[in-house]
Amino acid sequence: MEAYSGSPRSGWKKWLLNRFVLVPAVILAIAGAWDLYASTHADGLVVGQVLDAQGRPVEGADVTLWVFSFTTFAENRSVKTGADGSFRITGNPSHHIQLSAVKPGIGSSQRIPIRLYFRSQNTTLAAPLVLSGRG
Amino acid sequence: MMRRSPTWPIHLALIAVCFVMLVPFYWVLKTSVSGENIFTFPPSIIPRNPHLFYYVDVWYAIPFARYFLNSVIVSAITIAANVVFNAMAGYALTREFRGKGFILILFLSCMMVPFQATIIPAYLITGQLGLLNSYVGLALPQFSTIICIFVFKASFDAIPGSLIDAAKVDGLPEWRIVWTIMLPLAKSAMATNVILSFIWSWNNFLWPLIMTRTPEMQTLPLGLARFLSYQEDTTGALYAFCIMVLAPGILLFLLAQKEFIQGLTSGATKG
């Protein structure tokens with residue numbers, strides 16, 4: 001009956017080194033790496049800058065975070081910009097947000113939509129929020 | 001010397017057929033990364049501003065990971081049961097016994113009865129077994145499929161009877177003959193069983209709809225229906241969901257397509 005048992009030495013290579021094992025293993029490895037990346041970059045940090053129409057930093061502007069809620073965007077939190085016009089929002093809970101800025105006397109910005117690859121992904125705005133018109 | 005006819009017309013025709021078959025898949029993929037409505041005019045072949053955010057929307061709109069896990073577990077149970085039960089049934093049908101012709105006719109005639117006609121008895125039996133709203137209950141009606149039994153039978157028929165006789169002389173019991181002799185020689189039939197049972201289980205909608213009682217036990221097709229009931233403007237996200245549901249089946253087919261084709265065609269020719 002041993003004749004039907006097969007060679008134990010080549011058995012593990014045959015079972016492990018084939019496309020039915022390697023392809024799912026690679027997919028799992030990629031998923032694991034992505035999960036690791038997401039878990040270490042999900043502090044809910046949104047960083048950016050507010051400028052006026054002339055391109056000068058605006059201090060004390062109110063920057064508001066809008067979070068997608070089922071069908072509409074709801075206001076989530078606000079922060080004020082620093083002397084260099086920069087702002088830093090912490091605790092963004094979503095992957096689909098909008099940002100707006102306003103400063104009375106200078107103007108307001110349009111709401112800028114931001115899409116993220118996972119919830120609370122840390123992000124830095126590629127372009128500043130620009131205030132225009134009267135706020 | 002006989003002159004060979006050119007093969008390019010056949011290749012051209014095959015490319016045209018491939019194009020027709022693949023266009024719907026491409027269109028779904030394109031819409032899932034661009035969100036362009038199907039009624040957009042003029043239609044664009046290349047997606048404009050492609051991105052992956054619709055996939056992110058799907059992931060968070062419903063408990064996708066949970067549905068995916070449920071579908072994987074149910075499919076794994078279905079595949080394992082199919083390979084075991086269908087191999088046993090296929091092996092039995094290669095042997096000679098009284099009433100074999102009647103069993104074959106019974107099997108063939110049962111193939112004509114749609115599952116919708118037997119769903120109430122299936123539900124009652126599953127309920128009496130206490131398997132409603134469970135993974136085993138979700139897989140139970142697809143534990144064995146007649147088409148796959150015949151795939152195994154065709155493959156086993158092609159194995160010389162002398163091999164089985166030799167194994168019997170060596171004292172192997174029947175189950176070991178199936179496990180150590182027949183199945184290793186019927187890998188293509190096994191691949192066909194795996195792919196077919198996976199796709200049928202993965203795409204099954206009606207049975208999970210009827211027998212699951214909690215959202216935690218629902219599978220991906222039910223998740224798709226739930227997703228549609230949530231969202232109004234789903235053009236991009238809906239197509240992204242379809243891709244996410246289709247991808248595992250396509251991947252499995254691509255991995256095992258050689259064995260799958262062999263399994264379907266084995267026994268089709270003699271000699």
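Q: How many Å separate the centres of domain 1 of chain A and domain 2 of chain A?
A: The separation is 41 Å, taken over C-alpha atoms. Domain 1 of chain A covers 7-40, and domain 2 covers 46-130. These bounds come from an automatic or database domain assignment. This is a predicted model: local features need pLDDT of at least 70, side-chain atom pairs count only at pLDDT 80 or more, and totals for chains, interfaces and linings use all residues. Residues are numbered from 1 along each chain as its sequence is written, while chains are lettered from A and ligands numbered from 1 in the order in which they are written.

Q: Where are the two domains of chain B, and how far apart do they lie?
A: Domain 1 of chain B is 10-51 and domain 2 is 63-265. Their C-alpha centres lie 31 Å apart.

Q: What makes residues of domain 1 and domain 2 of chain B count as in contact?
A: Two residues are in contact if their C-beta atoms, placed from the backbone, lie within 7 Å. Seven residues of domain 1 of chain B meet six of domain 2 in this way. The domain 1 side holds two nonpolar, five polar and no charged residues. For these classes, Ala, Val, Leu, Ile, Met, Phe, Trp, Tyr, Cys and Pro are nonpolar; Asp, Glu, Lys and Arg are charged; the others, Gly among them, are polar.

Q: How many helices and how many strands does chain B have?
A: Chain B has 13 helices and zero strands. Helices (H or I, at least four residues) and strands (E, at least two) are DSSP runs, numbered from the N terminus. The C-alpha atoms of chain B fill a box of roughly 70 × 70 × 30 Å along the principal axes.

Q: Which helix of chain B gives the largest share of the side that touches chain A?
A: Nine residues of chain B are in contact with eleven of chain A. Helix 2 (residues 53-61) of chain B supplies four residues, the largest share of the chain B side. By class, that side has five nonpolar, two polar and two charged residues.

Q: Why is B:Asn49 called exposed?
A: B:Asn49 has 8, so it is exposed. B:Asn49 is in the loop between helix 1 and helix 2 of chain B. Its phi is positive, near 45 degrees, though it is not a glycine.

Q: Why does B:Asn133 count as partly exposed?
A: B:Asn133 has 15 C-beta neighbours inside 10 Å, so it counts as partly exposed. It is found in the loop between helix 5 (119-128) and helix 6 (135-139) of chain B.

Q: Why does B:Glu174 count as partly exposed?
A: The count for B:Glu174 is 14 C-beta neighbours inside 10 Å, and therefore it is partly exposed. B:Glu174 lies in helix 9 (residues 174-185) of chain B.

Q: What makes the largest nonpolar core a core?
A: A nonpolar core is a set of buried Ala, Val, Leu, Ile, Met, Phe, Trp, Tyr and Cys residues joined through C-beta atoms within 7 Å. The largest set has 24 residues, and B:Phe152, B:Val194 and B:Ile195 have the most contacts inside it. Helix 10 (187-203) of chain B is among the helices that each supply at least two residues. Helix 10 of chain B gives the most, with eight. A second, separate core of 16 residues includes A:Val46 and A:Phe87.

Q: Which residues does B:Val194 contact beyond its neighbours within four places in sequence?
A: B:Val194 is in contact with B:Ile79, B:Val83 and B:Ala256.

Q: What is the kink in helix 1 of chain B, and where does it lie?
A: The bend at a residue is the angle between axes fitted to the seven residues ending there and the seven starting there. At B:Leu22 the kink is about 40 degrees, shortly before the proline B:Pro24.

Note on methods
A residue is buried if 20 or more other C-beta atoms lie within 10 Å of its own, exposed if 12 or fewer, and partly exposed in between; C-beta atoms are placed from the backbone.
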